[in-house]
Amino acid sequence: MRAAVLHEIGQDKLEVLDDVEAVGFGPGKVRLRIRATGLCHSDVSAMNGVLPQPAPFIPGHEGAGEVLDVGDGVTGLSAGDRVLVCWLPACGACPSCRRGQTQLCLAGFMNAGTPNFKRPGGDVFGFAGTGTFTEEVVVGAGCAVPIPDDVPFEIAALIGCGVTTGLGAAINTARVEAGSSVAVIGCGGVGISTIQGARVQGAAQIVAVDPVASRREAALRFGATEAVSPDEFADAKQRITAGEGFDYVFEVVGKSATARTAYENTRRGGTLCVVGAGAMDDNFQVNMFELFFDEKRILPSMYGGGDVLRSYERAIALWRAGRIDLESMITHRVRLEGINDALDQMRTGESLRTCVEL
Ligand SMILES: [Zn+2]
Ligand SMILES: [Zn+2]
């Protein structure tokens, strides 16, 4: 079957190969036919080495499709079921799961070190134990979450990571208050979802901050009240908050420099919510005086910061009610040549639909 493969960390071009096989099927596993995949910033971060990932590997962890086959012992799933791919499946039994913080369950994530594809040349890993830039994948049954019939595959794929992450940051983690001022630094798919979450919560001002003009324009379409470049951020803070700083600032880039900017633009007593996934050697610094004296809350948000299945259900409910726009996210694409070209090749023949972008 076909899959888009990254041969070595640090390369920016995927190669579409037709000699890849999905392996590992057996008890507790399911085989999926991928029908739609998104491109999430973490895929790029794994490709360039910011996030740890063995190579060669197949990127993609935002996907949806149909169940082809279920292994022994799998309950609640059967061939033909429509599912989305959850890259962080909850075991249901560990302390995090019992507390309702299934986004912190590590049980399923341990599979990420086991290759679930192979080629004549050897093993191929799937990103985060999934790998959705492919026609078929074998994953643990917990990674296949049934979706209602009215949810198209492309929408379900987006809910599988970026939408859940961004909405959850605003709704679960920061709990944005109605009437508040919000700034979102980084306006790719997750940032746009954060903006939509802040809008759902009733924020009065939502300032999108991004150096790329097309992303700023997109942010305005998805609910930002204004969009500025990083150079213009200080002026926006002055104008909107009289220099005090925003009630909430979301860092959706994953770099210490932007996290520091976010911290400085948060008002005293306000909330800095860190959503971006960064590197292990990139340290965020706050001095002990400001940490205490300014009483800014620093809240990291991982995969929506709450029960993952509940986050999916909420995203579907908001989408169905027309309160968030996911259709426009499918068509809004930022081109990354080495990746999009490969996905375009994968898409020929309608076997795989691709959505988004960063
Ligand atoms: Zn668990
Ligand atoms: Zn992701």
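**Exercise 1.** How are the donor residues of the zinc ion (ligand 2) spaced in sequence?

*Solution.* The model is predicted, local features need pLDDT of at least 70, side-chain atom pairs count only at pLDDT 80 or more, and totals for chains, interfaces and linings use all residues. Side-chain values use heavy atoms without hydrogens or water, residues are numbered from 1 along each chain as its sequence is written, and chains are lettered from A and ligands numbered from 1 in the order written.

- Step 1. Find the protein donors: Cys40 (SG), His61 (NE2) and Cys161 (SG), 2.0 to 2.2 Å from the zinc ion (ligand 2). Donors are N, O and S atoms within 2.8 Å of the metal (3.2 Å for Na, K and Ca); water is not among the atoms, so sites may look incomplete.
- Step 2. Read the spacing: C-x20-H-x99-C.
- Step 3. Cys40 sits in the loop between strand S4 (29–38) and helix H1 (41–47), and His61 in the loop between strand S5 (57–58) and strand S6 (62–70), so the pair ties together parts 21 residues apart in sequence. Helices (H or I, at least four residues) and strands (E, at least two) are DSSP runs, numbered from the N terminus.

**Exercise 2.** Determine the geometry at the zinc ion (ligand 1).

*Solution.* 

- Step 1. List the donors: Cys91 (SG), Cys94 (SG), Cys97 (SG) and Cys105 (SG), at 2.3 to 2.4 Å.
- Step 2. Check the angles among the 4 donor atoms: 105 to 117°.
- Step 3. Conclude: the site is tetrahedral (four donors, all angles between 85 and 135 degrees).

**Exercise 3.** Is Cys105 buried or exposed?

*Solution.* Cys105 has a relative accessible area of 1%, so Cys105 is buried (under 20%; exposed is over 50%, partly exposed in between; 1.4 Å probe, protein chains only). Cys91, at 38%, is partly exposed.

Conventions
Four donors count as tetrahedral if all angles lie between 85 and 135 degrees; four count as square planar and six as octahedral if opposite donors are over 155 degrees apart and all others between 65 and 115; anything else is irregular.
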